[in-house]
Amino acid sequence: MRDFKPLLTASVFLVAMLGFLLLLMWGAMETLKSLPEQFEHPTPASTAITGGNLAALSVPSNLAVRHDGCSPTRGCAVRTNYYDAGSRTIVLQPGEGYAKEVHERLHAHQHMSINGGESVALSDYDLGSWYESSEGQSFMAEVGVPNILWSSDNCPADQNGIEAFACVGQLWYNDPTTLNNICEPCYRWAGKNLP
Ligand SMILES: [Zn+2]
């Protein structure tokens with residue numbers, strides 16, 4: 001009697017191989033089908049525009065905010081919003097909106113970057129020594145004074161680096177989408193350096 005055993009074994013092997021090949025082809029086809037969709041719809045996490053957390057931005061611990069246009073050291077004569085480094089006070093003119101307070105908070109933060117909010121010399125009340133801080137150096141190297149139309153709240157970003165920084169931060173916390181649209185390097189720097 002002929003021995004069918006090797007033939008049987010070979011058949012079983014061939015069927016198994018065929019099944020395996022079919023499975024591979026099916027897998028490849030499924031992968032190909034899903035590829036275009038992945039390219040057309042990138043995951044939202046990679047492109048979502050997100051801003052910062054203002055509460056995490058360091059400012060002098062005894063920072064005061066006034067809405068009456070007056071500061072303890074400069075009185076009420078100055079008719080603008082400003083950060084008074086001498087008394088660590090954000091001075092806002094009556095009726096100013098939240099965006100202006102955020103802007104001045106960025107100046108208060110610059111004071112932190114200079115010396116942790118310690119006293120500064122009268123000659124440095126405009127926070128000019130911020131340019132020497134590591135934050136100031138990094139900002140000026142990567143962003144500088146952006147030569148762009150900065151219509152948001154008439155922010156004086158084109159004035160100097162100190163103002164450019166405060167304007168970038170103002171949008172980073174209030175309107176990151178606009179920041180990304182008008183100044184992509186600004187948005188990128190804020191994402192790396194501001195909380
Ligand atoms: Zn300013």
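These legends walk through several close-up views of a predicted model.

**View 1. The whole protein, from one end of the chain to the other.**
Let's start with the overall plan of this predicted structure. The protein contains seven helices and three strands. The protein has 195 residues, and 23% of them count as buried. Looking at contacts in the protein with a separation of 6 or more, 52% come from residues 24 or more positions apart.

**View 2. The open sheet, with its strands in the order β1-β3-β2.**
Here you can see three strands side by side in an open sheet with mixed pairing. Which strands sit at the edges? They are β1 (64-66) and β2 (82-84), and each of these pairs on one side only. From one strand to the next, the twist averages 20°. As a piece of background, strands of a sheet pair through backbone hydrogen bonds, in either a parallel or an antiparallel sense. In this sheet, β1 and β3 pair in the parallel sense, over three bridges. To find your way along this pair, look for Val65, which stands opposite Ile90 in β3.

**View 3. Val91 and its surroundings.**
Now move to Val91, a residue of strand β3 (residues 89-91). Is Val91 buried or exposed? Val91 counts as buried because it has 25 C-beta neighbours inside 10 Å, where 20 or more are needed. Leaving out residues up to four places away in sequence, Val91 touches Arg66, Gly69, Cys70, Ser71, Asn81, Tyr82 and Asp84.

**View 4. Arg88, in the loop between β2 and β3.**
Which residues does Arg88 touch, not counting those up to four places away in sequence? They are Pro60, Asn62, Leu63, Ala64 and Gly117. One of these, Leu63, is 25 residues from Arg88 along the chain, while the C-alpha atoms of Arg88 and Leu63 are separated by 5.2 Å. Arg88 has 20 C-beta neighbours inside 10 Å, so Arg88 counts as buried.

**View 5. Helix α3 crossing helix α5.**
This view brings together helix α3 (residues 98-115) and helix α5 (residues 161-174), with axes that come within 8 Å and cross at roughly 125°. This angle makes α3 oblique to α5. The crossing of α3 and α5 is right-handed. On the α3 side, the contact is made by Ala99, Val102, His103, Leu106, His107 and Gln110. On the α5 side, look for Ile162, Phe165, Ala166, Gly169, Gln170, Tyr173 and Asn174. What kinds of residues make up this contact of α3 with α5? Seven are nonpolar, six are polar and none is charged.

**View 6. Helix α4 beside helix α7.**
The last pair is helix α4 (residues 134-142) and helix α7 (residues 184-193). Their axes come within 10 Å and cross at roughly 155°. An angle over 145° counts as roughly antiparallel, and α4 and α7 are therefore roughly antiparallel to each other. Their crossing is right-handed. Helix α4 brings Glu135, Ser138, Phe139 and Glu142 to the contact, and helix α7 brings Pro185, Trp189 and Asn193. Sorted by class, the contact of α4 with α7 has three nonpolar, two polar and two charged residues.

Technical notes: Residues are numbered from 1 along each chain as its sequence is written. This is a predicted model: local features need pLDDT of at least 70, side-chain atom pairs count only at pLDDT 80 or more; totals for chains, interfaces and linings use all residues. Helices (H or I, at least four residues) and strands (E, at least two) are DSSP runs, numbered from the N terminus. A residue is buried if 20 or more other C-beta atoms lie within 10 Å of its own, exposed if 12 or fewer, and partly exposed in between; C-beta atoms are placed from the backbone. Two residues are in contact if their C-beta atoms, placed from the backbone, lie within 7 Å. Axes are lines fitted to C-alpha atoms, for helices over the stretch in contact, and angles run from 0 to 180 degrees between N-to-C directions. Angles under 35 degrees count as roughly parallel, over 145 as roughly antiparallel, 65 to 115 as roughly perpendicular and the rest as oblique. A crossing is left-handed if the near helix is turned anticlockwise from the far one by less than a right angle, and right-handed if clockwise. Ala, Val, Leu, Ile, Met, Phe, Trp, Tyr, Cys and Pro count as nonpolar, Asp, Glu, Lys and Arg as charged, and the others, Gly among them, as polar. Two strands pair if DSSP finds at least two bridges between them.
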